[in-house]
Amino acid sequence: MIWSAMKNLPIDVLRTFVSVAELGGFTQAGISGGRSQPAVSLQIKKLEDGLGVSLLHRQGHNLELSTHGSLLYSYAKKILALNDEAMLSPVSYTHLRAHET
């Protein structure tokens, strides 16, 4: 179990974390997400600090998920899928349309 001082996991930070995990690096994730490598690195550092665990291990030029990182990756994929589903739902569309007038 991950013990956390954080109350919430920001969606944008979870997207960055998943991107780093799937693309294998900060630079690649930055390019994919339209952010600089230092910005991606800072987001991951803040996430690790907030959770109080290491999420990634560097093996030379390779980046691997730690045990905690693998667990968070699993949760993050589910959270992001639900977030994206909700944003595409009629509820979200109705909410957005109501604020256009």
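**View A. Where α2 meets α3.** F26, T27, A29 and G30 in α2 meet Q37, V40, S41 and I44 in α3. A contact here means heavy atoms within 4.5 Å. By class, this α2 contact with α3 holds four nonpolar, four polar and no charged residues. Ala, Val, Leu, Ile, Met, Phe, Trp, Tyr, Cys and Pro count as nonpolar, Asp, Glu, Lys and Arg as charged, and the others, Gly among them, as polar. The model is predicted: local features need pLDDT of at least 70 and side-chain atom pairs pLDDT 80 or more, while totals for chains, interfaces and linings use all residues. Residues are numbered from 1 along each chain as its sequence is written, and side-chain values use heavy atoms, with hydrogens and water left out.

**View B. The axes of α2 and α3.** Helix α3 spans residues 37-51. Its axis and that of α2 come within 8 Å and cross at roughly 110°. Axes are lines fitted to C-alpha atoms, for helices over the stretch in contact, and angles run from 0 to 180 degrees between N-to-C directions. The two helices are therefore roughly perpendicular to each other. Angles of 65 to 115 degrees count as roughly perpendicular, under 35 as roughly parallel, over 145 as roughly antiparallel and the rest as oblique.

**View C. The crossing of α1 and α2.** Helix α1 covers residues 11-23 and helix α2 residues 26-33. Their axes come within 8 Å and cross at roughly 125°. That makes α1 oblique to α2. T16, S19, V20 and L23 in α1 meet F26, Q28, A29 and S32 in α2. The residues of this contact divide into four nonpolar, four polar and no charged.

View D. Strand β1 (residues 56-59) and strand β2 (residues 62-65) run antiparallel, joined by four bridges. Two strands pair if DSSP finds at least two bridges between them. H57 has E64 in β2 as its bridge partner. Two residues lie between the strands of the hairpin. In the turn, G60 has a positive phi of about 70°.

**View E. The whole chain.** The protein has five helices and two strands. Helices (H or I, at least four residues) and strands (E, at least two) are DSSP runs, numbered from the N terminus. From that end, the order is α-α-α-β-β-α-α. Of the 101 residues, 29% count as buried, meaning under 20% relative accessible area (1.4 Å probe, protein chains only). Among contacts with a separation of 6 or more, 57% join residues 24 or more positions apart.

Note on methods
Buried means under 20% relative accessible area, exposed over 50%, partly exposed in between (1.4 Å probe, protein chains only).
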